Amino acid sequence: RGYFEVPPGNKVTLCCNRLDSPQALEATLAHELVHAQDHLVGELNFHDPVQLACSEVRAAAFVDCAATWEWFRRSCVRNAAFQSTKVNYSQEVSRTSVEKAMQDCYPPPGTQM
């Protein structure tokens with residue numbers, strides 16, 4: 001539905017043909033802006049699978065799974081981050097990277113962006 005392009009672009013691209021509602025547009029933009037902040041402010045290197053997985057964990061926690069009960073939230077975040085990370089890396093690398101990122105990057109309950 002969208003993606004954040006690292007240099008040389010440093011831009012968010014939204015695929016309007018895949019956004020079927022104002023809510024989908026808002027959620028996709030918010031998700032991609034988490035990546036923009038992580039890369040531009042947090043200086044995460046998305047060519048490193050663990051750092052990409054970290055940003056995917058954060059985007060999932062703050063946007064994709066934000067409305068999920070805390071009891072299920074970790075599972076939701078882990079799955080969403082894995083699905084996103086494996087777009088760029090193998091399943092094995094993605095799974096390992098997401099598990100590391102869940103330990104290092106998963107925000108504590110109540111944390112706001």
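Arginine 78 is partly exposed, because its relative accessibility is 29%. The model examined here is predicted. In this model, arginine 78 and glutamate 99 join their side chains in a salt bridge, with N and O 2.8 Å apart. Arginine 78 belongs to helix 3 and glutamate 99 to helix 4 (residues 91-105), so this pair ties together parts that are 21 residues apart in sequence. Glutamate 99 has a relative accessibility of 33% and therefore also counts as partly exposed; the class lies between the limits of 20% and 50%.

The count of salt bridges comes to four. One of them links arginine 58 with aspartate 38. The closest N and O atoms of that pair are 2.8 Å apart. Arginine 58 sits in helix 2 (residues 49-64) and aspartate 38 in helix 1 (residues 22-40), so the bridge ties together parts that are 20 residues apart in sequence. Is this pair buried or exposed? Both arginine 58 and aspartate 38 are buried.

A further salt bridge lies within a helix. Lysine 100 and aspartate 104 meet through their side chains, at 2.6 Å from N to O. Both residues are part of helix 4. Four residues separate them, about one turn of the helix. Lysine 100 has a relative accessible area of 40%, so it is classed as partly exposed.

Residues up to four places away in sequence aside, aspartate 38 touches Glu43, Leu44, Phe46, Ser55 and Arg58.

Two of these partners were followed further. Glutamate 43 is found in the loop between helix 1 and helix 2. Its phi is near 55°. That value is positive, in a residue other than glycine. Glutamate 43 has a relative accessible area of 64% and is therefore exposed; the exposed class begins over 50%.

Phenylalanine 46 has contacts in several places. With neighbours within four places in sequence left aside, the residues in contact with phenylalanine 46 are Phe4, Val6, His35, Asp38, His39, Gln51, Leu52, Ser55 and Tyr89. Phe46 is also part of the largest nonpolar core.

How many residues does the largest nonpolar core have? The number is 21. Those with the most contacts inside the core are Phe46, Val57, Val77, Val98, Ala101 and Met102. At least two residues of the core come from each of helix 2, helix 3 and helix 4. Helix 2 gives the most, with six residues.

Phenylalanine 72 is located in helix 3 (residues 70-85). It counts as partly exposed because its relative accessibility is 45%.

Definitions and conventions
Residues numbered from 1 in each chain as written. Predicted model: local features only at pLDDT ≥ 70, side-chain atom pairs only at ≥ 80, totals over all residues. Heavy atoms only, no water. Buried < 20%, exposed > 50% of the residue type's maximum accessible area, 1.4 Å probe, protein only. Core = buried A, V, L, I, M, F, W, Y, C linked by side-chain atoms within 4.5 Å. Contact = heavy atoms within 4.5 Å.
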